Amino acid sequence: MTSKTQNAVSFNIVIVGQSGRLMYEALLFAASLRASDPEFKGRLFIAEPQPGALWNGDPRMKQSDALEAFKRLDAEILPFESHHFGQAYPYGNKIEALFALPKGEPFVFFDSDTLITGPVSEVPFDFDRPCASQKVEGTWPQIELYGPGYGAIWKSLYDKFGLEFESTLDLDQPDEYWRRYLYFNAGFFFYKCPHEFGQRFLEYALAIRDDPPQAAALQTYDPWLDQVALPLVIHSFGGARTTLPQNTLDGAISCHYRTFPLLFARESDHAVEVLREVSAPNWIKKVLKEYEPIKRLVYQPKGEKIRAMFDRDHLPRREQMIRNQIKKAGLWMR
């Protein structure tokens, strides 16, 4: 199959939206998709958890202006039930939402705190060979002084699910350095069927949470559970560290900004330009201004103050250092 033919494959996009911060992020995502890729032919789903025993309140989006804006952007609200995670582990939304998507149709999941900055419909996804975001730091596992190392912990997880381990290693990286082991940010992932992917993702995540192997038993899984299970799922489906061309997702085509202060601190001029462009129309602005960080950073000059604090060509090595500088200036908000 040629790259051009692959590009012609229709696929759906799904993000999670619910009452609060995620609703505003989801609106920006939808607006950026329509502005940056008017040729996208698939469906855009905003997966919305429904109230139930696993939520303290009602997580649904109720603001009429926001719902009208989603409709205007041709974004379909997709209700789904929370059976396993809910309030206690909202990152589990990205697993349980997959079961509400059309079965057997290729999908790309994005975290809501993402902007589409180029034509995502032109990315040559190989939906038979999944991968996920490598915009990640070595957050898991945390190695104890006298405990097992990275190799033993990761191998115990692959062994638990009967998966081969050696081919997942990046042998260009030193032994016991976190980058040697398959580890992703769950900011995006994709596959040919959301139900197949979701079933395995759910199975692995619950098994790791409820009965981790001995070598990994003392590790913390909140909030890292989705990122621990994801490389195992991707490897089990024949995926790899990356199956996408460089400078597509997490590059020229999408920007996983995480928080608005971090967006202004470290992301490209183009990403900031897209943010400003898509948040400008009055029918979007009147919704987004309800959210304090967007009001202060996007519509007032505090975002530019953060931007002036950093040289994008010489950023601090660790994200925490960027966060600390912003907090010290009194400009951190989320």
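These legends accompany close-up views of a predicted model.

Figure 1. Six strands make up an open sheet with mixed pairing, in the order S3-S2-S1-S4-S7-S6. Strand S3 (75–80) and strand S6 (132–133) are at the edges with a single partner strand each, so one side of each has no neighbour in the sheet. Ser133 is placed opposite Asn185 of S7. Strands of a sheet pair through backbone hydrogen bonds, either parallel or antiparallel.

**Figure 2. Strand S1 and its two partners.** Strand S1 (residues 12–16) is largely enclosed by the rest of the structure, because five of its five residues are buried. S1 runs parallel to S4, to which it is joined by three bridges. Within that pair, Phe107 of S4 is the bridge partner of Asn12. S1 also runs parallel to strand S2 (residues 44–49), here with four bridges. Ile15 is set opposite Ile46 of S2.

Figure 3. In soluble globular proteins, nonpolar side chains tend to be buried together. For Ile13, the contacts beyond four places in sequence are Phe29, Leu33, Phe40, Arg43, Leu44, Phe45, Val108, Phe110 and Val120.

Figure 4. Val108 belongs to strand S4 (residues 107–110). Its relative accessibility is 0%, so Val108 counts as buried. Not counting residues up to four places away in sequence, Val108 touches Phe11, Asn12, Ile13, Val14, Phe125, Phe127, Phe189 and Phe190. One of these contacts, Phe125, is 17 residues from Val108 in sequence, with 9.2 Å between the C-alpha atoms.

**Figure 5. His235 in helix H7.** His235 is part of helix H7. With a relative accessibility of 16%, against a cut-off of under 20% for buried, His235 counts as buried. Apart from neighbours within four places in sequence, His235 is in contact with Tyr158, Leu163, Glu164, Ser167, Thr168 and Leu182.

**Figure 6. The largest pocket.** This pocket has a volume of about 1,300 Å³. It is lined by 41 residues, of which Asn185, Trp224, Gln227, Arg258 and Arg323 are the closest to its centre. At least two lining residues come from each of H2, helix H4 (93–96), S7, helix H7 (225–236) and helix H13 (319–328). H13 supplies the most, with four residues. By class, the lining comprises 13 nonpolar, eleven polar and 17 charged residues. Asn185 was shown in Figure 1 opposite Ser133.

**Figure 7. The second largest pocket.** The volume of the second largest pocket is about 230 Å³. Its lining is made up of Thr117, Lys135, Asp250, Gly251, Ala252, Ser254, Cys255, His256, Glu267, Ser268, His270 and Ala271. Strand S8 (254–256) and helix H9 (269–278) each contribute at least two of the lining residues. S8 contributes the most, with three. Three of the lining residues are nonpolar, six are polar and three are charged.

**Figure 8. The cavity.** One cavity of 30 Å³ or more is found when the whole structure is searched. The space in the largest cavity is about 30 Å³. Its lining consists of Arg21, Glu25, Arg258, Thr259, Phe260, Tyr291, Met333 and Arg334. These divide into three nonpolar, one polar and four charged residues. Arg258 is listed both in this lining and among the residues closest to the centre of the largest pocket.

How values were computed: Residues are numbered from 1 along each chain as its sequence is written. This is a predicted model: local features need pLDDT of at least 70, side-chain atom pairs count only at pLDDT 80 or more; totals for chains, interfaces and linings use all residues. Side-chain values use heavy atoms; hydrogens and water are left out. On a 1 Å grid over the protein atoms alone, a cavity is a set of points where a 1.4 Å probe fits but cannot get out, and a pocket is an open set with protein on both sides within 12 Å along at least five of seven lines; lining residues have an atom within 4 Å of a point. Grid points are joined across faces, edges and corners, and a volume is the space filled by probe spheres set on the points. Ala, Val, Leu, Ile, Met, Phe, Trp, Tyr, Cys and Pro count as nonpolar, Asp, Glu, Lys and Arg as charged, and the others, Gly among them, as polar. Contact means heavy atoms within 4.5 Å. Two strands pair if DSSP finds at least two bridges between them. Buried means under 20% relative accessible area, exposed over 50%, partly exposed in between (1.4 Å probe, protein chains only).
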